[in-house]
Amino acid sequence: MGLLPVEIKVNIEGDVPAALSALTASQGPLMSRQIWFAEDRDGVAQGKAPLLDGGVIIRLRIGSGPDDLVVKLRPCTREQLVGRFSAPFEVEPFTYRVEEDWSRRGRVLAASLVHTHLPGLLDAAVGPGADPSASIDEVQDQFLHACARDVRFDGLVALGPIFSTKVDDVSLDDLEVDLEAWSAVGLEFLEASIRVKPKRGDDEEEFKERAERKQRELEEAVLERGVTLSEVPESKTHRMLTALVAAAQG
């Protein structure tokens with residue numbers, strides 16, 4: 001598969017609206033969406049998140065343009081990614097990415113298969129009593145069965161909505177940064193992220209050094225604007241999904 005792109009993420013704590021304002025200033029339009037996660041229905045009834053625990057994330061995004069449904073394995077290994085899923089591809093309406101996911105808490109491999117849908121098409125999948133598994137298409141089902149064989153579910157339930165505010169390509173010093181704020185069940189998170197892609201002729205060590213330098217630059221650019229970095233080890237997805245499962249207990 002060769003060298004893979006790296007997505008570098010920084011989670012931010014504290015006053016999210018103030019942090020978002022400090023980082024964006026007047027740059028770029030804000031995009032608002034609703035985000036839902038699908039989890040195993042029986043597991044949620046027991047206060048658990050078995051898909052998340054098994055490294056499978058199923059996410060639905062609705063609003064501000066096309067809907068999309070993503071099936072993601074994180075963390076995963078290269079050995080898991082077999083057949084057509086051993087390398088990235090893009091064939092409308094699918095985008096399949098394999099990349100390294102870096103944060104202050106560590107580095108993992110992630111593989112995600114995104115299916116883009118017409119606006120509003122996924123509304124029914126997150127309605128009361130709906131089973132989002134009906135919206136997982138044949139290719140995504142193949143991905144799960146081929147690359148996450150140990151994860152089983154008989155039915156899903158949608159957890160959300162999470163209200164997302166996103167602005168892309170914000171200039172922080174020499175970096176182009178994507179910012180996304182999440183709000184739900186009394187929690188607010190803000191994440192800043194960049195992607196670093198291999199260049200022609202890069203060897204593994206050169207690319208690693210460049211990505212590590214970009215990670216330092218991102219953290220420094222955020223801190224210089226008076227924003228506090230999170231010391232919590234769990235990702236925003238893990239923290240939010242865990243809270244949504246707890247809220248579903250009523």
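Me: Which residues form one aromatic cluster?
Reply: Phe85, Phe89, Tyr96 and Phe143 do. Before we go on: this is a predicted model, where local features need pLDDT of at least 70, side-chain atom pairs count only at pLDDT 80 or more, and totals for chains, interfaces and linings use all residues. Numbering runs from 1 along each chain as its sequence is written, and side-chain values use heavy atoms, with hydrogens and water left out.

Me: How many aromatic pairs does the structure hold?
Reply: Six. Rings of Phe, Tyr and Trp (its six-membered ring) pair if their centres lie within 6.5 Å; planes under 30 degrees apart are stacked, over 60 edge-to-face, and the rest tilted. One of the pairs is Phe85 with Phe89, tilted, at 6.3 Å centre to centre and 40° between the planes.

Me: And how do Phe85 and Phe143 pair?
Reply: Also tilted, with 5.1 Å between the centres and 50° between the planes. That pair links distant parts of the chain, 58 residues apart: Phe85 is in the loop between strand E4 (67-76) and strand E5 (89-91), and Phe143 is in helix H4 (residues 138-147). Helices (H or I, at least four residues) and strands (E, at least two) are DSSP runs numbered from the N terminus.

Me: Are Phe85 and Phe143 buried or exposed?
Reply: Both are buried, and Phe89 is buried as well. Buried means under 20% relative accessible area, exposed over 50%, and partly exposed in between (1.4 Å probe, protein chains only).

Me: Switching to charges: what sits over the ring of Trp102?
Reply: The charged end of Arg107, 3.7 Å from the ring centre. Trp182 has Lys236 over its face, at 4.1 Å from the ring centre. The test is NZ of Lys or CZ of Arg within 6 Å of the ring centre and within 35 degrees of the ring normal.

Me: Why does Lys9 count as buried?
Reply: Because its relative accessibility is 10%. Lys9 belongs to strand E1 (residues 6-13).

Me: Which side chain does Lys9 join in a polar contact?
Reply: That of Asp101, at 3.2 Å. A polar contact is a pair of N or O atoms within 3.5 Å; within protein, one must be able to donate a hydrogen and the other to accept it, and residues adjacent in sequence count only if both atoms are side-chain atoms. Beyond neighbours within four places in sequence, Lys9 is in contact (heavy atoms within 4.5 Å) with residues including Trp102, Arg74 and Glu191.

Me: What is phi of Asp173?
Reply: Near 55°, a positive value in a residue other than glycine. Asp173 is in the loop between E8 and E9, and counts as partly exposed because its relative accessibility is 48%.

Me: And phi of Val185?
Reply: Positive too, near 40°. Val185 is in the loop between E9 and strand E10 (187-196). Its relative accessibility is 44%, so Val185 is also partly exposed.
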